[in-house]
Amino acid sequence: MQSPHPVMSLPFEQWLPTGAAALALGCSADTLKRYAKRDEFLVEGTHWRRGPYHQSPKIWNIPACQQAIQYRGRL
């Protein structure tokens, strides 16, 4: 039986701080930071962002990071 209200399949953004993001993504916090800094495939604004101040901690978009990490693993 189908639901009378179809569920829309929209991209879900979940932003987490570094420690929680590393746990959710199955890697270390250092690895996550390296992917953003040295390896440069996690991009600021898409995969991570800072708070309002320069010293604010990074927060990570979990679905976008998962997609980028999976894509990189296929290369």
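Student: If contact means heavy atoms within 4.5 Å, which residues is A21 in contact with, leaving aside neighbours within four places in sequence?

Tutor: A21 is in contact with L16, L32, W60 and I62. This is a predicted model, where local features need pLDDT of at least 70, side-chain atom pairs count only at pLDDT 80 or more, and totals for chains, interfaces and linings use all residues. Residues are numbered from 1 along each chain as its sequence is written, and side-chain values use heavy atoms, without hydrogens or water.

Student: Which residues touch the most other members of the largest nonpolar core?

Tutor: A21, L32, L42, W60 and I62, out of 14 residues. Such a core is a set of buried (under 20% relative accessible area, 1.4 Å probe, protein chains only) Ala, Val, Leu, Ile, Met, Phe, Trp, Tyr and Cys residues joined through side-chain atoms within 4.5 Å. Helices α1 (18-25), α2 (29-37) and α3 each supply at least two residues of the core.

Student: New topic: what is the strand order in the sheet?

Tutor: The open sheet of three strands runs β1-β3-β2, paired antiparallel. Strands are DSSP runs of E, at least two residues; helices are H or I, at least four. Pairing takes at least two bridges.

Student: Is S56 buried or exposed?

Tutor: Buried, at 11% relative accessibility. S56 lies in the loop between β2 and β3. Apart from neighbours within four places in sequence, S56 is in contact with R50 and G51.

Definitions and conventions. Buried < 20%, exposed > 50% of the residue type's maximum accessible area, 1.4 Å probe, protein only. Contact = heavy atoms within 4.5 Å.
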